[in-house]
Amino acid sequence: MKILKDRILKDGKCFPGGILKVDNFINHQMDPILMKSIGVEFVRRFASNPINKIITVEASGIAPAIMVGYLLELPVVFAKKKKPSTMENMLTTTVFSFTKNRSYEVCVSKDFLCPGDKVLFIDDFLANGNAAKGMIDLVKQAGAELVGMGFIIEKAFQHGGEELREQGIHVESLAIIESLDHCEIKIR
Ligand code: 5GP
């Protein structure tokens, strides 16, 4: 997706450990016009898949997920990183975050992820695929079906995408980063 790639090259910043910061248009300040184009592109790429629900993880996945949900007129469910005390009927799984170097629990209510649901997962980044694997686990626990996974940015040098595609999952990434070596952004 050219406008996204151009924006990453213009505004993205590299940090040690293979971290790409896109804080001024995705992860902190957000560009809604770009986000709308991202939503349109996801809709185009998953057009042939039957979907009845979009799922994501808080917080950074919510903006692209809501765009896709809005365009497809489908509900959007975000997995929570803190189990609400008032919430019963929860499915939970553990995810390791390499950016934060710790594990955390994510949960979703069985009321909103149900048997027979055909879900599209949307998130901001795909790195090692741990968040994605956690969501696959939640979808499985719910008895729902994972139709595909869409990421704004995939870091190919971290191989999560490879693993997901090997499992036969329909994965779409709108910008694929080949390398961040020597703090230089190389996009496929
Ligand atoms: P994974 O679980 O695939 O290893 O990492 C994906 C999650 O970690 C994303 O949801 C994102 O929040 C975070 N993440 C991974 N790599 C980066 C990065 O380079 N930059 C930013 N901003 N977040 C990242």
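Which side chain has an N or O atom 3.1 Å from a nitrogen atom of the ligand? The points below answer this and describe the surroundings.

1. Basis of the note. This is a predicted model, in which local features need pLDDT of at least 70 and side-chain atom pairs count only at pLDDT 80 or more, while totals for chains, interfaces and linings use all residues. Residues are numbered from 1 along each chain as its sequence is written, and side-chain values use heavy atoms, with hydrogens and water left out.

2. The side chain is that of asparagine 27, whose N or O atom lies 3.1 Å from a nitrogen atom of the ligand. A polar contact is a pair of N or O atoms within 3.5 Å; within protein, one must be able to donate a hydrogen and the other to accept it, and residues adjacent in sequence count only if both atoms are side-chain atoms. Polar backbone atoms also take part: one of asparagine 130 is 3.1 Å from a ligand oxygen atom, and one of alanine 131 is 2.8 Å from a ligand oxygen atom. The protein buries 86% of the 500 Å² that the ligand exposes when taken alone (Shrake-Rupley method, 1.4 Å probe).

3. The shell around the ligand. The ligand is surrounded by 16 residues (each with a heavy atom within 4 Å of it). Leu20, Ala127, Gly129, Ala131 and Lys155 are the closest. At least two shell residues come from each of β2 (19-21), β7 (118-126) and α5 (130-142), and β7 gives the most, with four. Helices (H or I, at least four residues) and strands (E, at least two) are DSSP runs, numbered from the N terminus.

4. Aspartate 31. This residue lies in the loop between α2 (23-27) and α3 (32-45). Aspartate 31 counts as buried because its relative accessibility is 19% (buried means under 20%, exposed over 50%, partly exposed in between; 1.4 Å probe, protein chains only). Its side chain reaches the backbone nitrogen of isoleucine 33 at 2.9 Å.

5. Backbone geometry. Most residues other than glycine have a negative phi, and most peptide bonds are trans. The bond from glutamate 58 to alanine 59, however, is cis, with omega near -5 degrees; alanine 59 is in the loop between β3 (53-57) and α4 (62-72). Histidine 159 has a positive phi of about 65 degrees and is partly exposed, at 41% relative accessible area. Histidine 182 has a positive phi of about 55 degrees and is exposed, at 79%.
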